[in-house]
Amino acid sequence: MATSGKQSSQWTGRSIPRKEDLRLLQGQGQFMADIATRPGTKEAAILRSPHAHARILAIDVSEAVAVKGVVSVVTGQDVLAAGARPLVVAAPVPADYYPIAVEKVRYVGEPVAVVVARTRAIAEDAAAKIKVSYDPLPAVLGIEEALDPGSAVLHDALGHNVAVHRHLRYGDPDGAFKEAAHVVTGRYWYPKVSSTPIETYGVIATWEQGDTVTIWANFQGPFSMHPVMARALGIGQHQLRVIVPPDIGGAFGIKISIYPYMVLMALVAKIAGVPVRWLEDRLEALAASSSGTDRLTDLTAAVSNVGKVIAWRMRLVDNVGAYIRAPEPGSLFRATGNLVSGYQTQNLDVEAIAVMTNKCPTGPNRGYGVSALYFAMERHMDKIAALVGKDPAEIRRINLIPHSMMPYRTPSGGYYDSGDYLATLERALERADYDQLRQQQQEARRQGRLFGIGIAVGVDPSVSNMGYIDIVEPPEDRKPHRSKSGSGQGSHVQVDASGGVTITLSTCAQGQGHETVAAQLAADILGVDPKDIRVIGGMDSSTRNWTIATGAYSSRFAATGAVATFSAVQQIREKLLDIASHVFEADRDDVQWVSGRAEVKGVPARALTLKQLAGIAHWDVASLPPGMEPGLAVQTYFTPPTLGESVDPEDRVNSSGTYGFMADVVAVEVDSKTFAVKIHRYATVHDIGKVLNPAIVEGQIYGAALHGIGAALLEEMVYDDQGQLLTGTFMDYVVPSAPDAPDLIIDHMDYAEGSSLTTPLGAKGVGESSTETAPAALANAVSDALGIDINQLPMTPNRLFHWFLQRESLISQEV
Amino acid sequence: MEPISVVTVDMIINGRPQQYEVEARQSLADFLRDQVGILGTHIGCEHGVCGACTVLMDGVPVRSCLSLAVSASGHEIVTIEGVKDLPLGQRLQQEFLEHHALQCGFCTPGILTTMAHFVAHYPKATEEEIRDALSGNLCRCTGYHNIIAAVSAVISSRHDDAKR
Ligand code: FES
Ligand code: FES
């Protein structure tokens, strides 16, 4: 293989100013709302359900249609009549999912009708004139309620509300539980949170020649949704062109779940006979875009007398909302390979359940399926530590997989290729000055202050294996020849006749700086300045090379798109050297690339520049080696070699391509009057292999940590018992602002060249990282501060006050 | 339905006098984007919380999503497109570039307009005060740390200038 990690790196590994920033700092970004529409494009507004659960009896659109400027009003029945098919779901249950309500509404905010008009304002005015009569039904909201066979049923054809129920066993959990010195149980609730990118969804749909449609959308991939969309529209994939603009205003997984709206607007454009644009507003985004699941975890650990976990029993129940919308139940299974996190446990018993309720459907959200898991596990480790009388740091030392066991195969199929978990933990303790913090805590306690310290560690999965979702069906039901695997990503590089380099990505970046990193990698290979390399972001499914895994999600660029680009540029350089050796009539091995030129070894005067060689490739075919194609363009694909397999008959799967590791140590002080949590110190150390751009990596960690901190302290989608959303504005759904954001002490483990066996560049994903550990670290710290056992987030002052009061009353009862 | 009233507005936008006919109900944000056709002002919530839409009206930050275009008539508006012409505008942009103070860049126009006003008026601001001044601008990408560092750098460079 042409790619190798060894490369003189003048640019890679440095924090160079980002290419993207030049336009973004001037207000010249190209976001979805900035895309020029075709003349004649009309604006859409969506009428949404005010009920959590109701039958639609009738919809009267007559007054709305009569409003001046209205082109069309589309309902669920119109969409059916136009031949729409349900969106394919991953769970094998009869719970049809259309992008607009048909017969029934199942959550507040579900689309009921779409008005197309000359302006958005007119469309909204007209939507207010649509009369819908509903027959309200009882709403089902909580997980336990959904599991109760006596509750109302959302999907009549299914007859209950359980969308997925799987039992997975690895090793010999029963045997281990028999041998256990201690059995530790706990129950944990993780809240429904949404990463709420500041840019909302936007879609433009326009049909050409009647049967092909172009949809612009700030969709982040994966393009596995492309066949889903085409099928729902009743067209071939080649008839569906999806264009993603170069700039997306944050996504964090949320902009995967835009695809039903892409289908809806395409259907509406078809019915209305005009190009249609829809820009979601914030109220729509909060009520009806996407979020993570609320998760109930029952955890039981079999523990040896020295505090070693020898088996886990887990019951994971995800509330996926009103429909099990793909890629759900990914939340349950994305972490299959790393269910044991960084711990040595080989015995595992997992019951995985997804229930449907009258809440907004869920989907990927930063830390997908992992934050909730580690919240439970890391809280549990502290409980085990307390039980066996060990320090929380010590209990982790006892259980972590030692470096000597790498590469490590987890019982559920994960392949951890590298990493020094113990050293990472030690470094985090050191950077936080753990011993000093413990002393400080003693001192604070003497003064009656509520000061606590929390640790959380975790294996950070990135580059999702397209195949992991096959686990949703038991082995005997899996269809032969229909399995999925891998995580392919394409890239394309072209050098023009003047030596100008253009890299065309298809990675749908949302702020991760893909253009900059691609230019850094290429600059090192070609010996040019990254400034001189043009990088095209966004995506176009009709003109770029892609696979169904294409996109920016599951923290995958560094280990996929970056590698594909690297390898494409290397192939370009090989071709340039081939041309040079032919022109010089020199042995191929005697020609080398030095400082942007091909030169004959030892004869630097015999050299051709990139520009000269490119000129030959384009202008002078006769000078090319015999049989060589003219031009200078290469397209590549890359998938991590360890993702070559789907789920095996024992339900094992290597669910992610790379696994980083992080250790967070946090100290907090809880105000004894207001119960506000103040972060006193936060150290986070990461083992992510090679760092391609330190500033970008640090920025990802900062952002990731703050998402975790938000979930720990502030954020939750709250519904009342009728299913009305109580957090429907940014006043109520509170996300961290600058005063909430701590400074972090960030450090990285050194990277030994070649130590990653899965990705040639040695770089692992980091985009989610501390989103997965921060909630647990903070819950551990606050539990430590208050002397209580926290099993629910967010830790709002109100909740902390009540939990603390309960503890006080328990203590006084004991006295 | 009642007819929608149309009003003539006059204002200076990024240094240029402009006259438009607008619907009385149109927000300043929609007006700037849809009528004037300058797209740097971003809309993130339309209820005054996220700050992405912040522009300067007579030098003072306002939420363009909560302001009406008619209320801007007779005033001077500066959007992100005009920040480079403000006294410390380019320095702010440079420090944002050097400190990696933006990721997706969607919040950035509102932050730069807000901070252009702030650094001009609070030359001695502490980090705490910078955080406070930023509290009306949500950013979901950066964790704020680098934004604060960039603004601090502008403020401390002003001290250096003063000493010189
Ligand atoms: S769009 Fe104006 S404050 Fe959010
Ligand atoms: S940079 Fe993305 S919201 Fe601030």
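1. Two residues are in contact when they have heavy atoms within 4.5 Å of each other. Leaving aside its neighbours within four places in sequence, Tyr259(A) is in contact with Leu87(A), Phe219(A), Met225(A), Val228(A), Met229(A), Arg325(A) and Ala326(A). The C-alpha atoms of Tyr259(A) and Ala326(A) are separated by 9.8 Å, although these residues stand 67 residues apart along the chain.

2. Please keep in mind that this is a predicted model, in which local features need pLDDT of at least 70 and side-chain atom pairs count only at pLDDT 80 or more, while totals for chains, interfaces and linings use all residues. Residues are numbered from 1 along each chain as its sequence is written, chains are lettered from A and ligands numbered from 1 in the order in which they are written, and side-chain values use heavy atoms, with hydrogens and water left out.

3. Tyr259(A) lies in helix 8 (residues 259-272) of chain A, where helices (H or I, at least four residues) and strands (E, at least two) are DSSP runs numbered from the N terminus. Is Tyr259(A) buried or exposed? Tyr259(A) counts as buried because its relative accessibility is 0%, given that buried means under 20% relative accessible area, exposed over 50% and partly exposed in between (1.4 Å probe, protein chains only).

4. Asp651(A) has its place in the loop between strand 26 (633-638) and strand 27 (656-670) of chain A, and with a relative accessible area of 7% Asp651(A) is buried. The side chain of Asp651(A) makes a polar contact with the side chain of Arg166(A) at 3.0 Å; a polar contact is a pair of N or O atoms within 3.5 Å, where within protein one must be able to donate a hydrogen and the other to accept it, and residues adjacent in sequence count only if both atoms are side-chain atoms. Leaving aside neighbours within four places in sequence, the residues in contact with Asp651(A) include His167(A), Tyr170(A), Ser412(A) and Arg478(A).

5. Turning to the two chains, 54 residues of chain A are in contact with 41 residues of chain B. Chain A and chain B bury about 3,900 Å² between them, 60% of it on carbon and sulfur atoms, buried area being the accessible area (1.4 Å probe) that two parts lose on being put together, summed over both. In chain A, the residues that lose the most area to chain B are Leu25(A), Ile198(A) and Ala738(A), which together make up 18% of what that side buries.

6. Across the interface of chain A and chain B the rule finds four salt bridges, each being a side-chain nitrogen of Lys or Arg within 4 Å of a carboxyl oxygen of Asp or Glu. Arg33(B) forms a salt bridge with Asp34(A), and their closest N and O atoms are 2.7 Å apart.

7. Chain B is itself divided into domain 1 (6-79) and domain 2 (89-163), with domain bounds that come from an automatic or database domain assignment. The centres of these two domains of chain B, taken over C-alpha atoms, are separated by 23 Å, and 17 residues of domain 1 of chain B are in contact with ten residues of domain 2 of chain B. How many salt bridges are counted between domain 1 of chain B and domain 2 of chain B? The count is zero.
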